[in-house]
Structures are given as structure tokens and as C-alpha cells.
Amino acid sequence: MTLYMIGLGLGDEKDITVRGLDLVQQADMVFLEAYTSILGIEKERLEAFYDKTITIADRGLVENDAESLILEPAKSQKVAFLVVGDPVCATTHTDLMLRAKQLSIKVEMVHNASIMGAAGACGLQLYNFGHTVSIPFWDDKWKPTSFYEKVKYNRQGGMHTLCLLDIKVKEPDFDAMMKGRQKFLPPRYMSVQIAAQQLLEVEDAILQQRAYDGRKTLCIGLARMGQPTQKIVAGTLQELSKADLGGPLHSLIICGECHELELEVVKEFLVEGSTHQLDNNTKLESLPPSDQER
């Protein structure tokens with residue numbers, strides 16, 4: 001029959017579109033994808049508002065069991081797959097859509113607000129953004145820096161970079177598994193503080209290619225966008241590495257060249273006591289030349 005991929009927006013149960021709500025209420029089965037992002041409310045509030053039973057679709061279900069639990073029923077029933085934000089903002093959802101089409105299942109998309117658009121609430125103009133990057137949690141043995149080259153590329157072109165921060169949900173506890181017990185680690189959500197600290201270490205101690213300056217480059221922390229407790233804080237990476245923006249979800253923007261109008265909005269979000277000189281951000285600090293300029 002049909003797989004409906006429905007964006008829920010960023011806030012609560014009432015952020016769904018009228019069309020999206022209508023399709024959810026018509027659906028025979030409803031799944032909530034719960035590992036690429038999270039809503040600021042419990043599943044039970046969604047169920048009460050939609051008047052539907054909702055099955056949580058964690059990473060294991062989506063990546064390993066989607067064909068039997070989601071796609072097979074969608075051949076003969078109406079299946080709603082709910083996504084926080086917009087359904088086309090994550091590779092996982094595109095993959096599910098492609099698999100459905102390969103099985104000749106009709107797919108309908110219902111779009112909604114996502115962090116890609118909500119980032120503009122800080123005052124930066126969306127058409128001045130370059131590549132979006134993801135920043136993963138580090139551990140003692142793994143410190144990936146693949147995002148760095150895209151940040152560097154963006155800033156060489158004067159563009160802003162939206163950094164999506166890591167989410168760890170239902171991660172296996174390998175110590176427990178070695179003892180024959182299935183156990184999952186508590187959820188972890190990367191904060192602006194942690195992201196800023198990692199970015200400082202990449203630049204100052206690992207790559208040192210001057211993609212940004214921890215003491216000069218303007219950056220903006222975003223927390224819980226689209227929710228009543230939304231918070232925006234601007235400053236240098238050093239300043240944001242000490243800023244507490246509260247609970248998840250967080251994102252971070254590394255600014256490129258800023259228009260005066262952008263700075264006029266951003267200045268109201270400067271962290272208290274910030275030493276950043278906004279007037280200097282209309283032109284970037286000296287950066288190494290791009291490959292095309294060499």
C-alpha cells in the first residue's frame with residue numbers, strides 16, 4: 001500500500017503538520033525513529049495526541065529488521081514512519097525510502113521544520129552556509145577528524161558550517177556482553193561544550209592547519225531549537241567550551257564571513273563577558289589558501 005515518511009518538526013506533539021496528522025491517524029501501523037534525533041517529549045504524549053499506538057524504531061530495528069517489520073507490512077497496509085525534524089535530512093531515511101521503492105511500495109513524504117532551517121534563528125543567513133558536518137564523540141582510542149577538511153573548505157570560501165553533534169542511543173555495553181548479558185549504555189548527547197573542546201584539540205594539537213582560531217573565530221551554540229527552552233549562545237570556541245547550554249539536543253555553527261546584518265542579530269547572543277570583537281568578523285582571519293588558489 002503506502003509508506004508515509006512524516007516529519008514531526010522540532011518541538012512537541014503539536015508541531016506535526018495537518019496533513020501529517022491526518023495520515024498518522026489513517027495509518028495501520030506507526031513507527032517513531034528514535035536514534036538520529038529525539039523530541040523533547042515522551043512517546044506517550046504523541047500517542048495520546050495522535051490517538052495511535054507507536055512502536056519505537058531504534059537503530060537495530062531500522063538497520064536490521066526494517067524489511068520484515070516496516071516494509072513487508074507496507075506492501076498491503078498504510079505504515080507511518082515518524083521522523084524528528086524532516087524525513088530527508090538523514091541518510092538512514094533515504095535508504096529506507098529507496099528500499100521501499102525497490103519493493104514497489106508507494107512512498108509519500110511529509111516535510112517539516114528541521115535544524116537545517118532552524119539554525120537561521122541565530123541571525124546567520126542560510127544561503128551563506130556550506131557543507132554540513134557531523135562531529136562524533138571521541139574516546140581514548142578513536143579521535144576521528146574527517147569533518148575538519150569540510151570546515152576548512154567552507155571557511156576558505158567565507159561560508160558558515162553547521163555542525164551536527166553526536167547522539168549515542170542504545171549503544172551496547174560490551175563488558176556486559178562478554179559476561180553473557182545483553183545490556184545497553186545510558187544515552188549520551190554531545191553538548192556544545194564537548195564539541196568546542198574537541199574542535200580546539202583538532203586545531204591546536206592534531207592538524208594545526210588554521211581552519212579556524214579558537215580565540216578569534218566566531219562560533220554559535222544552539223540548544224533545543226524549536227522548543228520553549230531554546231537557547232542560542234555566541235562566542236569563540238574557547239568561550240563555548242565553558243558554556244552550559246543545558247539539556248539536548250545541541251548543534252554548533254562555525255562562522256565564515258559575516259554580513260553586518262548577520263552580526264547585528266548575533267550580538268544579542270554573545271556569551272556574557274565575551275572578548276570577541278564582532279566588527280572584525282566581516283572579514284576572516286588569515287587562512288591558508290585553497291587548492292585552487294595555490
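Helices, of at least four residues, and strands, of at least two, are DSSP runs numbered from the N terminus. With that in hand, here are some exercises on this predicted model.

**Exercise 1.** Find where Ser114 sits and decide whether this residue is buried or exposed.

*Solution.* Start with the position: Ser114 belongs to the loop that runs between strand 5 (106-110) and helix 6 (115-118). Next, take its relative accessibility, which is 11%. Buried means under 20%, so Ser114 counts as buried at 11%. Finally, look at its surroundings: neighbours within four places in sequence aside, Ser114 is in contact with Leu10, Gly85, Asp86 and Cys89.

**Exercise 2.** Work out which element gives the most to the largest nonpolar core.

*Solution.* Begin with the core itself, which has 27 residues; Leu199 and Tyr212 are among those that touch the most other members. Several elements give two or more residues to this core, including strand 7 (161-165), helix 9 (192-206) and strand 12 (250-254). Helix 9 gives the most, with six residues. Apart from this core lies another, of 21 residues, among them Leu10 and Cys122.

Definitions and conventions
Residues numbered from 1 in each chain as written. Predicted model: local features only at pLDDT ≥ 70, side-chain atom pairs only at ≥ 80, totals over all residues. Heavy atoms only, no water. Core = buried A, V, L, I, M, F, W, Y, C linked by side-chain atoms within 4.5 Å. Buried < 20%, exposed > 50% of the residue type's maximum accessible area, 1.4 Å probe, protein only. Contact = heavy atoms within 4.5 Å.
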